[in-house]
Amino acid sequence: MRRTMYKYDQYDQAIVDARVDEFRDQVRRRIAGEMTEDQFKPLRLKNGLYLQLHAYMLRVAIPYGTLDSRQMRKLAHIARTYDRGYGHFTTRQNIQYNWIKLEQAPDILAELATVEMHAIQTSGESIRNLSSDQYAGAAADEIADPRPWAELLRQATTFHPEFSYLPRKFKIAVTAADEDRAAIRLHDVGLKLVKDATGALGFEVYIGGGMGRTPFVAPLIRPFLPVEHIVSYLEAALRVWNRWARRDNIHKQRIKILVHELGHEEFTRQVEAEWQAILPNGSDVPMAEFDRIAAFFEPPPFEKIGTVPILDRSDPDFAVWLDQNVKPHKAPGYAIVNIALKPIGGIPGDASADQIDLMADLGERYSFNELRVTHAQNIVLPHVRKADLYAVWQALDAAGLAAPNLDLVTDIIACPGLDYCSLANARSIPIAQKIAERFADPERQRDIGELKLKISGCINACGHHHAGHIGILGVDRKGTENYQLLLGGSGAEDASLGKITGPGFDENGIVDAVERAVERYLGLREPGERFLDTYRRVGFEPFKEAIYG
């Protein structure tokens, strides 16, 4: 069978199995009263288990968003057996289960281990699940598949002593295309594969980005780092962070704060000096090990399709979906299919166990057994023959998974908010649902064009509101849910942070405010402009005037 993604070796499996056994004993001791919640909390967080408003929530790692159908079916089984029949795909390309019983958590981890999955590094002060471009290995515009490098970094950082006691959580994203589909500049470290004038492969290194209470767009720290030095360079950066991080103040512990306070020039100087001190003689990435990992990501055996089929577009619903949700593939005769988990009135990112099973079946039958999770809370079938697109669409449509709204106003990113999260100040889900219903008309959505709308229920920004063309932040205003509107953010290669427009709104008022902003855009836009383009051209004031009258 072709290797479509990284497969565990004996060491990987032993590590995960040992963690399951260890956590099973910890849960037993907690239930027996031999351990307090304060003692148990850091242990459960190391295994992705949160205590939320109503139940425990388990966050499962999906490294760089890549799954095979066997793993996808296991996720459906867990949703059906241990939760309430659904899972929630997240902005870090993971999946969360919101109704977990503590006594069953070790059983879930044991089941995950049978399909080479785990919940390690999905919480706590650790290097979190590495994310990447959801089109990696399929994109027509990438210079190389970035996932082998993401996997190498995952392995290198798991037990590295410099990464074992971090001041705060740490997020890394890796991509290899000029179009940034992984929001690398809004991560603690963003890495973009590039080539120098000689054709050698290296990384652009961005450090110090992030959202949350104090958002920053990461500056470029090094324009070209030879790929063989990526581990030592990251080690140097984390040494500098560990040396100066404000461990006394949780709001100032992230590396973005250090980069900001030192200034990126001084931070860069210290990292470069540290790197020279630890740089080994020659390569610090064993290239034989990289080659071993890269072999797992070899391209599928694509058919040599001489004449690309002309697709029958006589079904208007299929034609619309084809134009909106299907993207170019590097192999002739193939396409990338985006499955939008954003039906009108639905919960962004949620999928039922039956829908997850169906996506697994489609991945196995039509996409060389591969699926991807996107940071926009959708699913991708990366390698679909164009001749199979109509059959795939029919199956998705029958399952309520064929919403043709990728990157449109109803393709909303939203965190679980106050419906589930103990940190939230306001609900996100009902706001997303009401906005989607307001803009439900498909023709209206397509007329508006690309508009990325993102909603967070608190300042922690799990819904990426800072990076939305339109962003919404839920806050607590004297015990009442209030929603701030932001404009002008982007998580793409033109990364920027949204600006708060003014006083907040109640639940119905925020929906009206979004509509007024969109209508002002439609009245101001020039041919070919997206919402973000028009906003940047005309500035803040015309939109503020429309929103507040």
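The model is a predicted one, and residues are numbered from 1 along each chain as its sequence is written.

**Stop 1: Tyr 64 and Phe 297**

Begin by selecting Tyr 64 together with Phe 297, whose rings form an edge-to-face aromatic pair, 5.9 Å centre to centre and with 65 degrees between the planes. Tyr 64 belongs to the loop between β2 (56-60) and β3 (66-68) and Phe 297 to the loop between α9 (287-294) and α10 (316-325), so the contact ties together parts that are 233 residues apart in sequence. Are these two residues buried or exposed? Tyr 64 is buried, at a relative accessible area of 3%, and Phe 297 counts as buried too, at 7% relative accessibility. While Tyr 64 is selected, look also at its backbone, where phi is positive, about 45 degrees, although the residue is not a glycine.

**Stop 2: Gln 93**

For another backbone of this kind, move to Gln 93, which is not a glycine and yet has a positive phi of about 65 degrees. Gln 93 is found in the loop between β4 (86-89) and β5 (95-100), and at 0% relative accessibility it counts as buried.

**Stop 3: other rings**

The count of aromatic pairs comes to 19. Select Phe 318, Trp 321, Tyr 390 and Trp 393, which ring pairs link into a cluster. Then turn to charges placed over rings: Arg 84 lies over the face of Trp 99, at 3.6 Å from the ring centre, while the charged end of Lys 499 sits over the ring of Phe 540, 4.2 Å from its centre.

**Stop 4: helix α6**

Next, select residues 230-244, which make up helix α6; its 15 residues should span 21 Å at 1.5 Å a residue, and the end C-alpha atoms are 22 Å apart, which agrees. The helix is mostly covered, with 12 of its 15 residues buried. Among the buried residues are Tyr 233, Glu 235, Val 240, Trp 241 and Asn 242.

**Stop 5: the second largest pocket**

Which residues lie nearest the centre of the second largest pocket? Select Gln 134, Glu 179, Arg 181, Asp 407 and Lys 452, which hold that place in a lining of 34 residues. The volume of this pocket is about 630 Å³, and its lining divides into 13 nonpolar, 8 polar and 13 charged residues. Strands β11 (326-328), β12 (334-339) and β17 (453-456) each supply at least two residues of that lining.

**Stop 6: the cavities**

A search of the whole structure finds 6 cavities of 30 Å³ or more. The largest cavity, with a volume of about 160 Å³, is lined by 15 residues, of which Met 5, Tyr 8, Pro 63, Gln 71 and Glu 116 lie nearest its centre. Both β3 and α5 (147-158) supply at least two residues each to this lining, which by class has 9 nonpolar, 3 polar and 3 charged residues.

Finish with the second largest cavity, which holds about 60 Å³ of space. To display its lining, select Val 16, Arg 19, Val 20, Asn 47, Leu 109, His 118, Ala 119 and Ile 120; these divide into 5 nonpolar, 2 polar and 1 charged. Helix α1 (residues 10-31) gives the most to this lining, with 3 residues.

Technical notes
This is a predicted model: local features need pLDDT of at least 70, side-chain atom pairs count only at pLDDT 80 or more; totals for chains, interfaces and linings use all residues. Side-chain values use heavy atoms; hydrogens and water are left out. Rings of Phe, Tyr and Trp (its six-membered ring) pair if their centres lie within 6.5 Å; planes under 30 degrees apart count as stacked, over 60 as edge-to-face and the rest as tilted. Helices (H or I, at least four residues) and strands (E, at least two) are DSSP runs, numbered from the N terminus. Buried means under 20% relative accessible area, exposed over 50%, partly exposed in between (1.4 Å probe, protein chains only). A charge sits over a ring if NZ of Lys or CZ of Arg is within 6 Å of the ring centre and within 35 degrees of the ring normal. The expected span of a helix is 1.5 Å times one less than its number of residues. On a 1 Å grid over the protein atoms alone, a cavity is a set of points where a 1.4 Å probe fits but cannot get out, and a pocket is an open set with protein on both sides within 12 Å along at least five of seven lines; lining residues have an atom within 4 Å of a point. Grid points are joined across faces, edges and corners, and a volume is the space filled by probe spheres set on the points. Ala, Val, Leu, Ile, Met, Phe, Trp, Tyr, Cys and Pro count as nonpolar, Asp, Glu, Lys and Arg as charged, and the others, Gly among them, as polar.
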